[in-house]
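Work through the exercises below with the sequence and the structure at hand, and try each task before reading its solution.

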Amino acid sequence: MASHIVGYPRMGPKRELKFALESFWDGKSSAEDLKKVAADLRSSIWKQMAGAGIKYIPSNTFSYYDQVLDTTAMLGAVPPRYGWNGGEIGFETYFSMARGNASVPAMEMTKWFDTNYHFIVPELGPDVKFSYASHKAVDEYKEAKALGVDTVPILIGPVSYLLLSKPAKGVEKTFPLLSLLGKILPIYKEVISELKGAGASWIQFDEPTLVMDLDSHKLKAFTDAYTELESSLSGLNVLVETYFADVPAEAYKALTSLKGVTGYGFDFVRGSNTLDLIKGKFPKGKYLFAGVVDGRNIWANDLAASLGTLQALEGIVGKEKLVVSTSTSLLHTAVDLVNETKLDKEIKSWLAFAAQKVLEVNALAKALSGHKDEAFFSANAAALASRKSSPRVTNEDVQKAAAALKGSDHRRATNVSTRLDAQQKKLNLPILPTTTIGSFPQTIELRRVRREYKAKKISEDEYVKAIKEEINKVVKLQEELDIDVLVHGEPERNDMVEYFGEQLSGFAFTVNGWVQSYGSRCVKPPIIYGDVSRPNPMTVFWSSTAQSMTARPMKGMLTGPVTILNWSFVRNDQPRFETCYQIALAIKDEVEDLEKAGINVIQIDEAALREGLPLRKSEQAFYLDWAVHSFRITNCGVNDTTQIHTHMCYSNFNDIIHSIIDMDADVITIENSRSDEKLLSVFREGVKYGAGIGPGVYDIHSPRIPSTEEIADRINKMLAVLETNILWVNPDCGLKTRKYAEVKPALKNMVAAAKLLRTQLASAK
């Protein structure tokens, strides 16, 4: 019986790739050292899957940064600013595109569909000269073959690649990206012919855009592309893989009629509607890759239920043509449960990370072919039963409080302009007030203090003293820089979600449950397994300590309910919105305690509100409704004079601007610099926004230090579309991943730019 894995995490069970990349970037190790770590990781993954009995093992799912960037390199679509002169693309050009370099900025980064992974957006236009410039897919196929593993090479499909691109700077915004299809297909043909020559018998094209709402023109591009590739693909088995949602009826029709395609992959975890389409009609003699094991969560599969689904499908497509698969690449889940030695035994029995999911896929395939591992299945059933009945999962009081929310809209008593006036009387800020987003650099020394306290190597008194010293240093620095609204720098926090989860009930934590967010950056999502409540205040001590060190306003710093939800592995036994309302009530208690402690500005970050947005238009209004409502619940009880800020990261806001306005925050700061002021076009188009707004004036994801002139120029662009009295000046995001050597001059220039413009505005008056 056949089994297949859509893709696998690259970072390694202990983040080996992260450390190798960062060491290489810092000039501490060679390109050869980095390549060796990467080769070891790839070979261990291939051997692990082969050992587990997986038949269709993926290759070219590894990446040094991002799979879309790998495709851009394969196509030689390097933007001219990187000064690439042809030939095989090496690390220097590749990492410059990903991270920028001393002289030019990085390419834009954005969400990969509705996940917490980010990809590097291709910049295309009519003048791009495509050429076959990275042989990675073929090299990795050969590398696996030399190890005795025959793999299925994965390429991002040509149509999805173009649909995920953007017109380069200077190219008309309306440029039809799909018009480049004829220019990129010749390169795909070269890759295909080399893979064939190397002995590949299957090839996988990832075309996840097929789950989006596509018009007939876009669907026709799929038909055209695969018709054009048909002769090159002859003699190969071709899998077109989709994931993240169900495939709409029209797209299903287009997909299942593609020329030269042997099999189709579907996500049956988030796309159960596709099952109905398959039951209605499935092309004879084609393979069905059935994604029944969740690639995006960490819960053990309900094997009995999956087996039922698979048996029903077997009746439709036939035994020989059904392949058991994961719903998506396992990139979006943690790597291996084996490394979780500290996790509570009961909770651990409810989980499966990537390595365990590989075993689940294989167990299902074996069971289908009549070789059911009874012990494996009964252990799974027992774990599911224990999770269902565990008293740790349910808290009656929380259930009642959340149910009681249904009746109200939870809005503040007065409108935003009235509140801003009351706040200004109290805070007395200049125009174009400056602030930062929250975190300051986390030095090696600071991380050591936290680690030693966690390991009980230093006392609580020593820990508190060290953190207070750090806060004091950050407060003094901000005062020296003359920033208007201060932050405490978050030295006590490891992560903006984990820090809160550790203090809320219903959360569990891993030691090595890392998931790649972008490049070498990994996150360790908490696991929400039960009802959520807040036993004690979480941030009040640190925020009031920080406020006592300065006469300037000090922002309280919280993570909002929707972000905590979207950046966690969420329980799958109740609707997501119910869990979100529970978290909102916990944060509400914290907001009110901060206000009582004399904190007048409270920031509730909703960095991830946008990324929970369902992929399909028809489901978006419902999500936005409960997400925005959850945010309002957190602060509906505060005084007019308490200023509520929120912050949002990497997002395309244009389509949700009305929901953002409906959040009714007093001030919103937004990641803006990398997305080239796309954001501001919303306001140009006449959307009326009356609250405070701080579009980021420089990109903190790059080590580059922007000049005062550059920042002033950015602020001027914003002033062209926004009222002077509502504009704030701030960086894009928190500063924790940067070094002080970068942060100090950048903030100094930022404050100088704000002052320069204040002077200019005053003299203009």
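**Exercise 1.** Does Lys456 count as buried or exposed, and why?

*Solution.* The model is a predicted one, and the step needed here is a comparison with the cut-off, since a residue is called exposed over 50% relative accessible area. Lys456 has a relative accessibility of 73%, and therefore counts as exposed. As for its place, Lys456 sits in the loop between α17 (444–454) and α18 (460–481), and its phi is near 60°, a positive value in a residue other than glycine.

**Exercise 2.** Find where Asp482 lies, and describe its phi and its accessibility.

*Solution.* Begin with the place: Asp482 belongs to the loop between α18 and α19 (498–501). Next, although Asp482 is not a glycine, its phi is positive, at about 65°. Most residues other than glycine have a negative phi. Finally, Asp482 counts as partly exposed because its relative accessibility is 27%.

**Exercise 3.** Explain which parts the salt bridge between Asp531 and Arg571 ties together.

*Solution.* First look at the contact, in which the closest N and O atoms of Asp531 and Arg571 are 2.8 Å apart. Asp531 lies in strand β16 (residues 527–533), whereas Arg571 lies in the loop between β18 (569–570) and α22 (576–596), so the pair ties together parts that are 40 residues apart in sequence.

Technical notes: Residues are numbered from 1 along each chain as its sequence is written. This is a predicted model: local features need pLDDT of at least 70, side-chain atom pairs count only at pLDDT 80 or more; totals for chains, interfaces and linings use all residues. Side-chain values use heavy atoms; hydrogens and water are left out. Helices (H or I, at least four residues) and strands (E, at least two) are DSSP runs, numbered from the N terminus. Buried means under 20% relative accessible area, exposed over 50%, partly exposed in between (1.4 Å probe, protein chains only). A salt bridge is a side-chain nitrogen of Lys or Arg within 4 Å of a carboxyl oxygen of Asp or Glu.
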